[in-house]
Amino acid sequence: GIAISLGAAGGWGLRRRRPEGFAIAWWLVSLAPSLYAVACTGYLAARYLYIPAVGVACLAALACAAWRRSAFLAVGGALAVWLLFALLRVHAWSDGFRLWSREVELNPTRAPSLLAYGTTLSGKGDLVKAAAAFRRAAELSRGKGDERTEEYARSNLCEIQAARGDLDAALAECKAAVDAGGWLADTWINLGNVHAADGAWDKALRAYQRAEERDPGGYEALTLAADAAYRLGDRELSLEYLDRAAEVASGYPA
């Protein structure tokens with residue numbers, strides 16, 4: 001960032017065109033993605049703090065463009081400190097599990113962070129700790145105006161309990177996810193899978209149909225609904241779902 005900004009400052013003659021204004025404007029532009037992420041998610045992963053650092057690099061380059069020894073020493077010292085900090089932190093930022101482990105350690109009551117932490121644990125195959133993280137996220141988000149986080153956490157809990165073979169616990173979690181809002185197609189798919197595992201194909205079909213309503217044209221929901229309809233003996237409806245699934249998958253040979 002410093003090298004590019006220095007080249008821009010020298011090559012474009014910005015020293016004669018109020019370079020400080022350019023530096024501030026560049027910093028605001030580089031900061032915009034971070035502000036958008038905060039607005040959309042309500043939280044910000046530490047790794048995205050690299051983005052505002054571009055503005056610091058730009059200001060440093062403009063200081064160097066003056067070709068003053070003091071400016072070079074100041075920038076060099078700041079750069080050395082920054083590089084040392086980055087080297088110490090890059091290990092934690094390079095892996096989702098380490099990143100969210102640290103985030104949860106620093107903010108143990110932030111539901112979205114616990115949700116992301118549980119997802120990484122689930123990916124590593126540690127379903128016990130993942131379930132604990134999801135359950136904690138659901139408890140923290142309940143009644144706090146964050147129904148989507150609660151639903152997502154409950155839906156994941158449903159999937160984990162079903163994988164363990166505890167269908168009663170899985171059904172309870174899926175119903176809790178539906179009560180939290182039922183906006184996510186995955187919630188209804190997981191509910192349908194629980195009913196299917198219990199042999200209740202009529203209930204499974206209704207759940208898959210709700211999933212398709214939430215995500216029109218969703219390939220997974222369509223194929224699962226086709227299977228449920230076939231098992232209920234409705235081959236015409238099954239073929240209808242399969243035809244729709246084929247249309248969705250037409251652009252994807254796999």
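Biologist: How many of the 14 residues of helix 6 are buried?

Modeller: In this predicted model, 10 of the 14 residues of helix 6 are buried, so the helix is largely enclosed by the rest of the structure. Buried here means under 20% relative accessible area. Among the buried residues are Leu 114, Leu 115, Tyr 117 and Leu 121.

Biologist: Which helices do the buried residues of helix 6 pack against?

Modeller: They make contact with helix 5 (96–106), helix 7 (127–141) and helix 8 (147–164). Just after helix 6, Gly 125 takes a positive phi of about 90 degrees.

Biologist: What does one expect of the buried residues in a helix that has one face turned inward?

Modeller: An α-helix has 3.6 residues a turn, so residues three or four places apart point the same way. In helix 13 (residues 235–248), the buried residues are Ser 238, Tyr 241 and Ala 245. Viewed down the helix axis, these buried residues fall within an arc of 65 degrees, so they line one face of helix 13.

Biologist: Which residues are exposed on the other side of helix 13?

Modeller: Glu 236, Leu 239, Asp 243 and Glu 247 are exposed there. The buried residues of helix 13, by contrast, pack against helix 11 (201–214) and helix 12 (219–231).

Biologist: Where do Glu 105 and Arg 102 lie?

Modeller: Both are in helix 5, 3 residues apart, about one turn of the helix. Glu 105 is exposed, with a relative accessible area of 56%, while Arg 102 is partly exposed at 33%.

Biologist: Are Arg 154 and Glu 173 buried or exposed?

Modeller: Arg 154 is buried, and Glu 173 is buried as well. The two form a salt bridge whose closest N and O atoms are 3.1 Å apart. Arg 154 belongs to helix 8 and Glu 173 to helix 9 (residues 167–180), so this pair, 19 residues apart, links distant parts of the chain.

Definitions and conventions
Residues are numbered from 1 along each chain as its sequence is written. This is a predicted model: local features need pLDDT of at least 70, side-chain atom pairs count only at pLDDT 80 or more; totals for chains, interfaces and linings use all residues. Side-chain values use heavy atoms; hydrogens and water are left out. Buried means under 20% relative accessible area, exposed over 50%, partly exposed in between (1.4 Å probe, protein chains only). Helices (H or I, at least four residues) and strands (E, at least two) are DSSP runs, numbered from the N terminus. The arc is that of the directions from the helix axis to the C-beta atoms. Contact means heavy atoms within 4.5 Å. A salt bridge is a side-chain nitrogen of Lys or Arg within 4 Å of a carboxyl oxygen of Asp or Glu.
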